[in-house]
Amino acid sequence: MVTVAHPRSRLSASPRRPLAVRLPSVRELGPNWYAAVMGTAIVGTAGDALPVRVPGLHTVCAAVWALSAVLLTVLLAARAAHWVRHRDRARAHLLDPAVAPFYGCLSMALLAVGAGAPTVGRGLVGGHAALPVAAALFAVGTAVGLVAAVAVPYLMVVRHKVTPGSASPVWLLPVVAPMVSASFGPLLVPHLPAGQGREALLLASYAMFGISLLATLLILPVVFARLVHHGPLPLALTPALFLVLGPLGQSTTAVNKLADVAPRAIEASYAHGLGALAVVYGVPVMGFALLWLALAGAMVVRAARAGLPFTMSWWAFTFPVGTCVTGAQTLARHTGLVAYEWLAIVLYVFLAVAWAVAGALTVRGVLRGELLAGRR
C-alpha cells in the first residue's frame with residue numbers, strides 16, 4: 001500500500017520562512033562617514049543664506065538640514081556600537097595614519113548641524129529650543145575638535161608610521177575643526193550678556209581661528225611638496241585635494257562673521273580694525289581658494305579619465321566647497337560686490353550637484369554592501 005501525502009501536509013512540514021533583512025555591519029564604519037553629515041548640513045545652511053530668493057528654497061534647505069540632523073543621530077549611535085562591539089577595529093583606526101585624521105570630522109559634523117539650528121532649522125527645532133541646541137552642539141563639537149587637533153598630530157608623531165611621500169590633504173581635517181568653531185561662535189556672541197561673556201567668546205573664536213590657520217600653514221606646504229616630488233595622489237584619493245578648500249573658505253567665513261559681531265562685543269577701535277581685517281584677509285584667501293579649486297578640478301578630471309572609482313572620498317566635493325560658498329557670501333556683504341554674490345551662486349550649484357551625486361552613490365554602495373565590506 002502506497003501512502004500519498006496531502007500537499008498541505010508537505011507545506012505544513014516545511015513552513016515558509018520570513019525574509020530576513022540583513023543590516024550592514026558597523027565593523028568597518030570609520031569616522032570618515034561623518035563627512036556625509038557635514039556635506040549635507042552645509043547644503044542646507046549655505047543654500048538658505050544665498051543672496052537670491054527662490055520660491056521654496058528655504059523649505060528645501062530646511063529639509064536637507066533636517067536630514068543631516070537625522071544622519072548625525074544615526075551615525076553617532078552606529079559609531080558608539082562600533083566602539084562597543086569592534087573595539088579592535090576602532091583602535092586600529094586610531095593607529096592608522098590614513099584614518100585617524102578623520103576624527104576631526106566628528107567635531108565638524110556636530111558643528112555643521114548645530115550652526116543650522118538657529119538659522120535654517122529654526123522653524124523645525126522651534127524658536128525656544130534652537131539656541132540651546134546650537135549652544136550644546138557648539139560646546140561639544142568645539143571640545144571634540146580641540147582634542148582632535150592635539151591628539152591626532154600627537155599620534156602621527158609618536159605612534160603612526162608615516163612613510164616619505166605619504167602626506168595627504170586628509171591631514172588637514174583635525175586642524176580645520178577649530179576653524180569651524182570660529183565661524184560658529186559669532187552666532188552665539190549676541191546672545192550672551194554684554195561685557196566679559198561676549199568678549200571672551202569673540203576672542204576665543206579668534207584664538208581658534210589662529211590655531212587652525214597656523215596649523216594649516218604648517219601642513220599645506222608639506223602636502224604640495226608631496227604632489228610635486230611624488231606625483232599625483234592615488235586615483236581613489238584624488239577627490240581629497242578638495243579638502244584644501246576647507247580651511248580657506250572656512251577661514252574667510254569666520255573672519256567676516258566675527259567682524260559682524262565685533263562692534264557689540266569689543267572696543268570700537270578694535271572692532272573697526274577687525275572689520276578691515278575681514279576684507280584684507282578674505283579677498284586674497286578666496287582668490288587662492290579659486291586657484292586651488294582649478295588645480296584640484298584639473299587633477300580630478302585627469303583621474304576621471306583614468307577610471308576614478310567611487311569611494312567616500314567623493315564627499316570632499318561637498319563641505320569644502322560649501323565653505324567657499326559661505327566665504328563668498330560674507331565677502332559680498334562686506335564689500336558690496338555683486339561678483340561675490342554670483343560666485344556664491346555658481347559654487348552652490350556645484351555643491352548641490354556634488355551632494356546629490358555623492359549621496360546617491362553612497363546609498364547605492366550601502367544597499368549593495370560595498371562601502372561597509374571592509375578591505376580585502
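Ser 68 is buried, with a relative accessible area of 0%, where buried means under 20% relative accessible area, exposed over 50% and partly exposed in between, computed with a 1.4 Å probe on protein chains only. Ser 68 has its place in helix α3, residues 57–85; helices here are DSSP runs of H or I with at least four residues, numbered from the N terminus. Leaving out residues up to four places away in sequence, Ser 68 touches Val 37, Thr 40, Ala 41 and Val 113, a contact being heavy atoms within 4.5 Å.

The model is a predicted one, in which local features need pLDDT of at least 70 and side-chain atom pairs count only at pLDDT 80 or more, while totals for chains, interfaces and linings use all residues. Residues are numbered from 1 along each chain as its sequence is written, and side-chain values use heavy atoms, with hydrogens and water left out.

**The loop between α1 and α2**

Gly 30 lies in the loop between α1 (7–13) and α2 (34–48), and it is buried, with a relative accessible area of 4%. Apart from neighbours within four places in sequence, Gly 30 is in contact with Arg 79 and His 93. Gly 30 and Leu 50 are separated by 20 residues in sequence and by 33 Å in space, taken from C-alpha to C-alpha.

The whole structure contains 4 salt bridges, among them the pairs in the table.

| Salt bridge | N to O distance |
|---|---|
| Arg 27 and Asp 88 | 3.0 Å |
| Arg 89 and Glu 28 | 3.2 Å |
| Arg 333 and Asp 260 | 2.5 Å |

The side chains of Arg 27 and Asp 88 meet in a salt bridge; Arg 27 lies in the loop between α1 and α2 and Asp 88 in helix α4 (residues 87–94), so the pair ties together parts that are 61 residues apart in sequence. Arg 27 is partly exposed, at 31% relative accessibility, and Asp 88 is partly exposed as well, with a relative accessible area of 45%. In the salt bridge of Arg 89 with Glu 28, Arg 89 belongs to helix α4 and Glu 28 to the loop between α1 and α2, so this pair too joins parts 61 residues apart in sequence. Glu 28 is partly exposed, with a relative accessible area of 21%.

Arg 333 forms its salt bridge with Asp 260, and this pair links distant parts of the chain, with Arg 333 in helix α12 and Asp 260 in helix α10 (residues 245–261), 73 residues apart. Asp 260 counts as partly exposed, at 32% relative accessibility.

**Helix packing**

Two packed helices are described by the angle between their axes and the distance between the axes. Axes are lines fitted to C-alpha atoms, for helices over the stretch in contact, and angles run from 0 to 180 degrees between N-to-C directions.

Helix α12 (residues 319–335) and helix α13 (residues 338–367) have axes that come within 8 Å and cross at roughly 165 degrees. The two helices α12 and α13 are therefore roughly antiparallel to each other, on a scale where angles under 35 degrees count as roughly parallel, over 145 as roughly antiparallel, 65 to 115 as roughly perpendicular and the rest as oblique. The crossing of α12 and α13 is left-handed, a term for a near helix turned anticlockwise from the far one by less than a right angle, clockwise being right-handed. The contact includes Val 321, Cys 324 and Ala 328 of α12 and Tyr 340, Leu 343 and Phe 350 of α13. By class, the residues of the contact of α12 with α13 divide into 13 nonpolar, 3 polar and 1 charged, where Ala, Val, Leu, Ile, Met, Phe, Trp, Tyr, Cys and Pro count as nonpolar, Asp, Glu, Lys and Arg as charged, and the others, Gly among them, as polar.

Helix α8 (residues 173–188) packs with helix α9 (residues 196–230) at an angle of about 155 degrees, their axes being 8 Å apart, and α8 and α9 are therefore roughly antiparallel to each other. Their crossing is left-handed. Residues that meet include Val 175, Met 179 and Leu 188 in α8 and Leu 201, Met 208 and Ile 219 in α9, and the contact of α8 with α9 has 13 nonpolar, 5 polar and no charged residues.

Helix α7 (residues 127–158) also packs with α9, at an angle of about 35 degrees and with the axes 13 Å apart. The crossing of α7 and α9 is left-handed. Here Phe 138, Thr 142 and Leu 146 in α7 meet Leu 201, Met 208 and Ile 211 in α9, and the contact of α7 with α9 comprises 5 nonpolar, 1 polar and no charged residues.
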